[in-house]
Every structure is written in C-alpha cells, then in structure tokens.
Amino acid sequence: MSQPLVSLAGITKDYPKVATGGERLRTLFSLMLRSAELPHFRALENIDLEVHRGESVALVGENGAGKSTLLKIIAGVARPTAGTVAVRGRVSALLELGSGFHPDYTGRENIYLSSAVMGLSHRETRSKVASIIEFADIGAHIDEPIKHYSSGMGVRLGFAVATSLAPDLLITDEVLAVGDESFQKKCIQWLERYLDGGGTLLLCSHSMFHVQTLCSKALWIHHGRARLFGESFDVTREYLTYHEEKRREERRAESIPAPASGGNMPRIVSTWIERADGERAETFAQGDELVLHGIAYEPDDRSPVLLFGVVRADGTAVYGSPSNERGFIPTPIGERRFSFAIRFAAIALLPGKYTMRVHALDPEGLRLFDTVETEFVVTGQTRDFGLVRLEHQWIAGRPGAP
Amino acid sequence: MNGLPLLRHRWLLYELTRRELSNRYAGSVSGFAWTFVQPIAQLAIFAFVFSQIFRAGVPANYTGITYTAFVAVALWPWIMFSEGVQRGMAAIAGNAGLIRKVALPTQLLVYSTVIACYAINLAGFVVVLLALYATGENIHLAGLPFALLLLVPYLLFATGIGLVLAALQTFLKDVEHGVGIVLNMVFYATPILYPLTFVPEAWRRGLALNPLAYFSERLREVLLVHPALAAGDAVAAAGCLAVFLAGLWMFKRLSPYFEDFL
C-alpha cells in the first residue's frame, strides 16, 4: 500500500467574523496570543479524505458547501483551524477563476511568475513558455495585462500553466465550466491523458457529467460536512436525487393551483413519470423501466390524439411517436378527461438530461394544441457516446468479403 | 516545508523582484528617470530653504562639502528606508489576489518590494554621488564599498519593520495612516538636514538611539570624511538582524491567517 498523496484528518475551518473594527482588533490580539475563542463561522467540519496516486476524486456539493475552502486547504493557500493536512509531491492548483494571476501584469509575465511559484528558474520557464502559449491559444493577448482578459482567456492560460509542469497532483476548482466548447474538449482530453499516465486529480465541479467522465471517486460536501464518499457514479446519483427532491419540495411549496377544467381546445392537464414500481421519479438508470403518465382534456368529450417526443437537454430530438399510429385510444375518466400512459420497458438513452414532451392534438390528429414538458435524467456508467444505445454485439470477423 | 525556504524559493524572489522593478514605471513615459526627479526636487527644496534662508552650515570636519552634498548623502538612504517600509507594508494587501489563490511564502512579497525600492534608489544614489563628485564636491569614492556594506543591515532593518507593518495592515487598515505620520516625524528626528552634533546635549543621547540616526551619520562619515568601517557597525548590524528576525517571527505568526482577512 503506497502512502497517500493527500491525507486529511479531521479538517475543520473557521473563518473569523471581521465585519467591524472591534472584531478585527480582538481577532488580531487573539491570534498573537494564540487564544482560542473568536467570533467565527464554520466553513468545514471534521473532513477526512485520502487520495492515492493515480486516483481522481471529485468534490461535489451546493454553492457555499465548502468545496473551494477544502481545495484551498489542500493547495496550502488556507490553513485549517483544526486537523492535519499532509500533501506529498508537486501540486499544481487552479483555484477559482483567474487562478492567481496578477491583473496588472501581462500573460507572459504571469507565466514566469506562476512557474517561479512552483520553483522553476527563469531559464527553465523560458523553455516551456512556447508550449504554454500554444496550449492556451489566446493569440496576441499573451502580451496584454491579465485584467483585460475575459474569464475564459484567464482560465485557458491558468490551465496551460498548471498543466505544463507535469504535477503529481492537479487541483482544479470549477475551471472547466468557463472555457468554450473546444477548449473544454482540449482540457478533458489532456486530463484523460494525464490520468492514464498515472496523474492524480482533485476536481470540484457542478457538472455531474465531468465528474462521471473524469473521476473515479467523489466526495459530497454538504454544509461543511462530508455527506457521502464513494464511487463517483454512486455519489453523483445520490447528489442529483437530493436536488430533485429539493426541487420537488420547492415546487410543492409553491402549490401551483390545478388548471381549471374547461376551455374549448384539447389540453394536457398533467403528466408525471413513474418507475416500474409506481413511484414517481426523475432519475433513472440506463435500462430501467420508465412510465410516463398523463391526463388529457378534450372539450367535446371525444378521445384526443396524443403525441410524445423525447428531446435531449440541448434540444436534439431523439424519438417521437403519435398515439393513433398504434391505434391507442385514451381511457375516458369522466368530465371530458382521458388518461394515458406510455411505458418504456428499458430506456436505451445514454446518461444525460432529457425532456419528455407530450402534445395534445384534436381527435382527428391533425392540429396540435398543447405541449407539456417533463424533465428526467438518465444515469449510468458507460463509455458509449451518441444518443441511444443500439443493441449490438461484437463478434468474430472474417478475413475478407465472401 | 522548512529548511531554507529562501533558497528553495530563490527563483520566486527573483521573479517577484524583477516584476516589481519592471512594473514600477510601466505605463510612464520617462520610466526610470522618475527615480531621480522626485528625490532631486526634494533635495533642491531642502538645499534652498536651509542653506539660503536658514543659512544652515556644514560642520567643520566636513571639508570641501556644500550643504547640498551634505544633505544628499543622507537623503537617499532615508528615501530607501521610508519608501521600502511604505511599499513593503502594502505588499500583502496589494497582492491579495495572488495570496488567495496561490500557496507561496508571503514574506517574499515584502522582501521583493523592499529590495526593489532599495535597488532603484541605490542606483539613483550612486548616480547622484558621482554627479556631485564631478562638480567638485569632496566625496570619497573609496567610501562607496563601505557605504554599500552599511546599507545591507539597513535593508534588513527596513524589511523587518516592513514585515511587521504588512502583517498588521492586513488586519487593521488604520496602520497605513498612522505610519505616514510617524515616518514624517522620524524624518526630522533623524540627522539628515542637520548633523547630530547640532542637536542640544539633552536630546542627543535619545536621538542617537534611533537606528536611522546611526546609519545616517555613519554613511556621511564613510563617504565624506573617512572611508572605513567602525566597531559600532557590527553592533548595529546585529541589532538590525534582530529587528528583522523579530519582524519575521511576528509576520509568520500572523501570515497563516492572511487569507481569512484579505
């Protein structure tokens, strides 16, 4: 068993309350005299974490949960109030946007400065500058002061510098969220190569997609405490479920009044998604059964035609089909209302966020009147790409065409 | 983490100092020239007011020296000190962005700032000394190496004070206001515009305790009277080292908490 690259034990971090001059003065004296009691608020409480060489760990949690504070402590920028931190090896940290560049100095000067922080000499840095600039790919802006950079450009340069030094441990705080699509791809490719080469990564992200693709493990921090640590797929699933429940409660609290029946056009009154066991849900594992239920309204009490469509979060249409195609007739449930359900025995969608749309058409299936959307998430552990899993098999081939 | 942090971080110190030097005058047209203009203007004012209006003279042991040269020799070291302290004090708050995001020994920010101030003004000092020598002032160029040697503990002293003030400034913004007033007082309490011998007997002992007074007088002696080191220099150097170490101790005591307050 190798020694862990990072080991945290009982990390607690209090930030002093320093809003008023009196508090500042009191804090200063207490720090000089090393006495304990100070007005403070607790950002982190009793966090344990071990990261071994070659592992990739994500920190997830809500805004203000303490993720960035924990990264700062590991990077050595902040000191914990209690607990021990041991970090071995060369650490490269990209904390927040701009990642510690001096705003008044040019990009090039900041490259030298950041490299010097890592212990590189001026000459050693000079040999790396060209490749850093090439990776950052920000053109002539490299000789302009950082303060004129967009946040994306700052992150590009920061990432280029941090990665140029082949660190043992790379710490990045939500930086992937800023770059544009092509730079994000470049970063992720770099990170994958880095991880394949035995690199260790500590990442903080709100993108569960990034967490799942890049990290093998995840730590969920909730209000400064470790809530769950484990395989990244398990942790992200629990985390997303937590958010869905929270959102649902919020929605319930808003208590949207049920739309009054009536009107002279076909409508969808409500839709919801259930699991096979009849439980309502918004998250499904790939291959699970998903049942969409709905109630439609038709002013003349004739069975309306319905149409459903599945759309990926980015708007790409995946599949859709009308009810009259299969001869389905919604069940009348009184008061000009009709119930219907669509069962997907095993969702073949790849992990991601999707929207289920249901439209109400007139009984002739000619005019479209109403659209109702329901979101759902598919989770899974897969390296497939595209939209859906097509049933397939890899089989032995033949030496040539017959 | 321990050992010799300064050796381990020598490239960072180099890079920070270089940056400090190259950016002091970035954005100004005449750049380095400003290093001279301000002190020379100050010197001109003092020379006029004190030699022409107050008719201040130079003690007899300084032969072949005008009042202007007499003041100049002490004025530049004073500027090194006061500028070094003031800029060093602001080094932590001024680099908040860096400190919040990058793990680095923060005292290097103070070192680099003070060193840059000394380097810039030292260049100005040497140029002024040569110019005065060229105009026929009796300046002992042989004293220059000794003067440089004396400026080393003087630099340590300024760094020590700068460290304490930078640490306090991070917690209490009031510090910088107070420091301006104190420095103004110290300027007049230091024999720069006058020789120590002009100070009334009753005050002289107290004034001599001012480390700046010691260096001011010694630099004049070395450059204008007798180019050699004295026994007291070693004591002064030890004192300056003590001030520096005390400042560093206090700074290190508080520096882990900078991030919480910036």
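This is a predicted model: local features need pLDDT of at least 70, side-chain atom pairs count only at pLDDT 80 or more; totals for chains, interfaces and linings use all residues.
Colleague: In which sense do strand β13 and strand β14 of chain A pair, and over how many bridges?

Modeller: Strand β13, residues 305–312 of chain A, and strand β14, residues 317–322 of chain A, pair in the antiparallel sense over five bridges. Within this pairing, G309(A) stands opposite G320(A) in β14(A).

Colleague: Why does D301(A) count as partly exposed, and how should I read the same label for H223(A)?

Modeller: The general idea is to count neighbours, because a residue is buried with 20 or more other C-beta atoms within 10 Å, exposed with 12 or fewer, and partly exposed in between. D301(A) has 13 C-beta neighbours inside 10 Å and therefore counts as partly exposed, while H223(A) is partly exposed with 14 other C-beta atoms within 10 Å.

Colleague: Turning to the interface, how many residues does the contact take from chain A and from chain B?

Modeller: The contact takes 31 residues from chain A and 23 residues from chain B. On the side of chain A that touches chain B, the elements that give two or more residues are β1 (6–16), α1 (21–33) and α3 (107–117) of chain A, and the largest share, six residues, comes from α1(A). By class, that side of chain A has 18 nonpolar, eight polar and five charged residues.

Colleague: How many helices and strands does chain B have, and why does its radius of gyration agree with a compact globule?

Modeller: Chain B comes to twelve helices and zero strands. A compact globule of 262 residues would have a radius of gyration near 18 Å, so the 19 Å of chain B agrees with that expectation. The C-alpha atoms of chain B fill a box of roughly 55 × 45 × 35 Å along the principal axes, and 42% of the 262 residues of chain B count as buried. Among the contacts in chain B with a separation of 6 or more, 81% are accounted for by residues 24 or more positions apart.

Key:
Residues are numbered from 1 along each chain as its sequence is written. Chains are lettered from A and ligands numbered from 1 in the order in which they are written. Helices (H or I, at least four residues) and strands (E, at least two) are DSSP runs, numbered from the N terminus. The radius of gyration is taken over C-alpha atoms; the globule rule is 2.2 Å times the number of residues to the power 0.38. Two residues are in contact if their C-beta atoms, placed from the backbone, lie within 7 Å. Ala, Val, Leu, Ile, Met, Phe, Trp, Tyr, Cys and Pro count as nonpolar, Asp, Glu, Lys and Arg as charged, and the others, Gly among them, as polar. Two strands pair if DSSP finds at least two bridges between them.
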